[in-house]
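Visitor: I am new to this structure and would like to learn how to read it. Could we go through some features one at a time?

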Amino acid sequence: MDWKIMDFADGDRDIIGRGLVAYNLQQVPMTQRELFISIDKKVVDENGTILAGCCGEVYCWNVACIDMLWVDERHRGRGLGARLLAEVEQAAMEENCSLIHLDTFDFQAKDFYLRHGYEVFGALEDCPEGHCRYYLKKKLRRSREMEYITLGKTGLKVSRLGFGGIPIQRLDAAAAKTLLNAVEAAGVNFIDSARGYTVSEELIGQAIEGRRDRFILATKSMARDKEGMAKDIETSLRNFRTDYIDLYQVHNPNLKHLEQITAPGGALEALLEAKTAGKIGHLGLTAHSAEVFGKALELDWVETVMFPYNIVETHGTELMERARAKNIGFINMKSLSGGAIEDARLALRFAAANPNVSVVLPGMYSPEEVEQNAAAVADTSPLTGGELEKVEALRQELGTSFCRRCGYCAPCTVGIDIPNHFVFHGYLSRYGLEDWARSRYAALSAHADDCVECGACEERCPYQLPIREMLKKVAEDFAK
């Protein structure tokens, strides 16, 4: 047969492509609903102008490929690329992808992809001359990789990693949805918020609308009487856009508050009525005081307790053991010591290593944080010798300047709520929640600059903290 080589004519590329695909599918049958499924995403402004875009597709065997990702240079540094990448990965996982790959150059976005969990599996040098073309891949996390446990006597099956709803206050609705997409993709099903977290409930409700049944929702209220609690429950239901909340918690009461809550006309009456009506599934309590934690274990209506536990704060260890013995779920807040511990992976591995911890609940602000935190909690290997050394070093470093909120410093001579001063200062200095921190600080009955430096608090502090100097720093920063 005679033949010759020629340039392609119109349509020839499609003929060759169809032939190659047919051959490939003879070797390995297609496993998805269509040959090629677009997962393209873009960011546009209010005028419809494209600010960023990511082009990709899922091909033949539930494998995804990113062809390009671009952000207008005038809008770089705003996290648009990270949000797009998370959306594209989520779209790929919705098509049952477990692997995604791409190529990029050394002068493009290699480091960006590495920060988001991709790994280099090949490189082509001098392409172009003096540069390198990299080939990267990422295994997409499936829900089945997340560990699920029973949350005490509630019977709820919750992910070992939960989503704390404080940092989401800093996001807009679009970013919040992207974040919750990443949360779901990581297999996280436990979400916690609070009436006091400004727009947190609303943003979560908008983000999970249409898929509410995939999550276990928890929130909390500082209302102490029946009327106030009933009102807060209804507000939470509206904010979450749901007709039931899985876990409703009494938010940080002291012993006097507990008496009010459980007395006739107290908040417990509203909670129990809402539970009977099917608006609430289970009841819990959050605390910063070990004394309140201990009291909560004696209350028959308490099904869960949320309490700080981290590398620096371990004063609740015995109470955690008692909670487990009573089948009361333990929700671990402040796992990163309110942001004081920068090594998130170590902090989360430390918390998750304790079998008395049901759910580790860090606040999360970006898809990247979700990804990293999920990987940390999924790593159930014992802490290494090097990690244990780091744990001890952190205790030594933070031990002389970190308030553990034990409350032994109280009562203050002039009525300063010392532990909450340091909590709100942390929100101001480490969480980036300035307006919220300032409003909560302003609501305190006495402030840091009211300190008369009598030193009584320091005499009582079991950790020998320089409380007077620490309060001066609080007063200085809130005065700015």
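Visitor: Leaving aside neighbours within four places in sequence, which residues is T304 in contact with?

Guide: Keep in mind that this is a predicted model. Setting aside residues within four places in sequence, T304 is in contact with L151, T154, L247, L283, G284, L285, I328, G329 and I331. T304 itself lies in strand β15, which covers residues 304–308.

Visitor: Is T304 buried or exposed?

Guide: The cut-off for buried is under 20% relative accessible area. T304 has 0% relative accessibility, so T304 counts as buried.

Visitor: How does one describe a pair of packed helices?

Guide: Two packed helices are described by the angle between their axes and by the distance between those axes. Here, helix α11 (residues 344–352) and helix α13 (residues 385–398) pack at about 100 degrees, and their axes are 11 Å apart. Angles of 65 to 115 degrees count as roughly perpendicular, so α11 and α13 are roughly perpendicular to each other.

Visitor: Which residues meet where α11 packs on α13?

Guide: From α11 come L346, R349 and F350; from α13 come E387, K390, V391, L394 and R395. The residues of this contact divide into 4 nonpolar, no polar and 4 charged.

Visitor: What else is L346 in contact with, beyond its neighbours within four places in sequence?

Guide: The contacts of L346 include I311 and L383, along with E387, K390, V391 and L394. L346 has a relative accessibility of 3%, so it counts as buried. For a distance along the chain, take G17: it is 329 residues from L346, and their C-alpha atoms are separated by 49 Å.

Visitor: How far does helix α12 reach from its first C-alpha to its last?

Guide: Helix α12 (residues 367–378) has 12 residues and reaches 16 Å, close to the 16 Å expected at 1.5 Å a residue.

Visitor: Which residues of α12 are buried, and what covers them?

Guide: The buried residues of α12 are P367, V370, N373, A374, A376 and V377. Their cover includes α2 (80–94), α4 and α11.

Visitor: Where is N181 found, and what does its side chain make a polar contact with?

Guide: N181 is found in helix α4, residues 173–185. Its side chain makes a polar contact with the side chain of R211, at 2.6 Å. Not counting residues up to four places away in sequence, N181 touches E87, Q90 and R211. With a relative accessible area of 8%, N181 is buried.

Technical notes. Residues are numbered from 1 along each chain as its sequence is written. This is a predicted model: local features need pLDDT of at least 70, side-chain atom pairs count only at pLDDT 80 or more; totals for chains, interfaces and linings use all residues. Side-chain values use heavy atoms; hydrogens and water are left out. Axes are lines fitted to C-alpha atoms, for helices over the stretch in contact, and angles run from 0 to 180 degrees between N-to-C directions. Helices (H or I, at least four residues) and strands (E, at least two) are DSSP runs, numbered from the N terminus. Angles under 35 degrees count as roughly parallel, over 145 as roughly antiparallel, 65 to 115 as roughly perpendicular and the rest as oblique. Contact means heavy atoms within 4.5 Å. Ala, Val, Leu, Ile, Met, Phe, Trp, Tyr, Cys and Pro count as nonpolar, Asp, Glu, Lys and Arg as charged, and the others, Gly among them, as polar. Buried means under 20% relative accessible area, exposed over 50%, partly exposed in between (1.4 Å probe, protein chains only). A polar contact is a pair of N or O atoms within 3.5 Å; within protein, one must be able to donate a hydrogen and the other to accept it, and residues adjacent in sequence count only if both atoms are side-chain atoms. The expected span of a helix is 1.5 Å times one less than its number of residues.
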